[in-house]
Amino acid sequence: MSDRRPEKKSKYTSDRGIPGAFEGETVTRRRLMVLAANVTGGIAIGGIALSATGFAVGQSFTKVDTGWHDVGPLDEIPDDTYVPRVITLDPKTGQVGKTTIYVRQRNDAVDKEPADEWNKIIAISSRCMHMGCPARYVQAAQHFICPCHGGVYDFVGAVAGGPPARPLDRFYTRIVEGRVQVGERFSVNSELKRFSPRPPGQPLDGLGPYFYPSRPTIRKMPGT
Ligand code: FES
């Protein structure tokens with residue numbers, strides 16, 4: 001009798017070579033399509049929350065081409081604190097379509113997720129991952145604070161206290177001719193592993209990605 005055990009498959013679809021796989025995803029397209037129907041209501045609520053929480057506290061910059069926003073010169077972006085920037089997510093909705101993000105240069109002393117071409121600059125969403133209120137970076141505490149229900153996030157945006165379901169979302173970034181550009185939003189789990197964007201309230205650790213699969217229409221890398 002053979003004692004060979006079946007080879008253990010990676011839980012990540014990208015490791016398994018599944019067409020259309022997204023880095024960090026653990027849900028196949030078939031499963032995703034089935035489960036997506038069950039979360040339509042939740043996604044709709046998340047979309048409303050996004051629109052309702054647009055606010056502005058920093059410099060405002062405009063979109064430079066599809067999917068990318070210029071947020072200023074690299075030499076104005078520190079690596080030991082964040083600077084706020086305002087980007088327009090939906091130009092058709094005026095002020096409501098704007099959102100504040102917090103930007104800094106990657107700092108290997110605190111940024112432990114793998115470095116790649118998309119995270120030389122760290123760009124963090126201000127939308128709280130509890131119910132979508134605007135969180136604010138407080139320099140004195142070096143934490144992000146949400147005023148609505150006491151959500152607290154540490155310097156890298158990971159949950160440090162309160163009810164948020166996961167770390168603050170992030171944005172892909174790139175540096176073009178000495179200027180910083182911000183691309184598509186993505187969500188992260190507690191290990192800061194990337195997932196396609198989810199609404200607030202949806203955890204991405206453990207079975208979270210199975211209960212809250214992504215929408216196929218927003219599975220897109222920037223610049224592609
Ligand atoms: S919306 Fe931020 S803690 Fe509730």
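**Close-up views of a predicted model**

View 1. Val152 stands opposite Gly161 in strand 10. As you look around, please keep in mind that this is a predicted model. Strand 9 and strand 10 pair in the antiparallel sense, and two bridges hold the pairing. Stepping back, these strands belong to an open sheet of four strands with antiparallel pairing, in the order 7-8-9-10. Strand 7 and strand 10 (159-161) are the edge strands, each pairing on one side only.

**View 2. The disulfide of Cys133 and Cys148.** Here is the one disulfide that the structure holds. The sulfur atoms of Cys133 and Cys148 lie 2.0 Å apart. If you like to check torsions, the angle about the S-S bond is -95 degrees, and the link is left-handed. The pair ties together distant parts of the chain, 15 residues apart: Cys133 sits in the loop between strand 6 and strand 7 (136-138), and Cys148 in the loop between strand 8 (143-145) and strand 9 (152-153). Cys148, at 36%, is partly exposed. Two further cysteines are worth a glance: Cys128 is buried, with a relative accessible area of 2%, and Cys146 is buried as well, at 3%.

**View 3. Strand 11 and its two partners.** Strand 11 (residues 170-176) and strand 6 (residues 121-125) run antiparallel and are joined by two bridges. In this pairing, Ile124 stands opposite Arg170. Strand 11 also runs antiparallel to strand 12 (residues 179-188), this time with six bridges. Thr173 has Val182 of strand 12 as its bridge partner. Strand 11 and strand 12 form a hairpin, with two residues between them.

View 4. Which residues have the most contacts inside the largest nonpolar core? They are Tyr82, Ile124, Tyr137, Phe144 and Tyr153, in a core of 22 residues. Strand 6 and strand 12 each supply at least two residues of this core. A second, separate core has 11 residues, among them Val83, Ala123, Phe171 and Val182. Now zoom in on Tyr137: neighbours within four places in sequence aside, this residue is in contact with Thr81, Tyr82, Tyr102, Gln142, His143, Phe144 and Phe155.

View 5. Our last stop is Ser187, found in strand 12. Is Ser187 buried or exposed? Ser187 is buried, because its relative accessible area is 0%. Leaving out residues up to four places away in sequence, Ser187 touches Arg166, Asp169, Lys193, Arg194, Phe195, Ser196, Pro197, Arg198 and Leu204. One of these, Asp169, meets Ser187 through a polar contact of 3.0 Å between the side chains. Ser187 and Arg198 are 11 residues apart in sequence, while their C-alpha atoms are 6.2 Å apart in space.

Conventions: Residues are numbered from 1 along each chain as its sequence is written. This is a predicted model: local features need pLDDT of at least 70, side-chain atom pairs count only at pLDDT 80 or more; totals for chains, interfaces and linings use all residues. Side-chain values use heavy atoms; hydrogens and water are left out. Two strands pair if DSSP finds at least two bridges between them. A disulfide is a pair of cysteine sulfur atoms within 2.5 Å. Buried means under 20% relative accessible area, exposed over 50%, partly exposed in between (1.4 Å probe, protein chains only). A nonpolar core is a set of buried Ala, Val, Leu, Ile, Met, Phe, Trp, Tyr and Cys residues joined through side-chain atoms within 4.5 Å. Contact means heavy atoms within 4.5 Å. A polar contact is a pair of N or O atoms within 3.5 Å; within protein, one must be able to donate a hydrogen and the other to accept it, and residues adjacent in sequence count only if both atoms are side-chain atoms.
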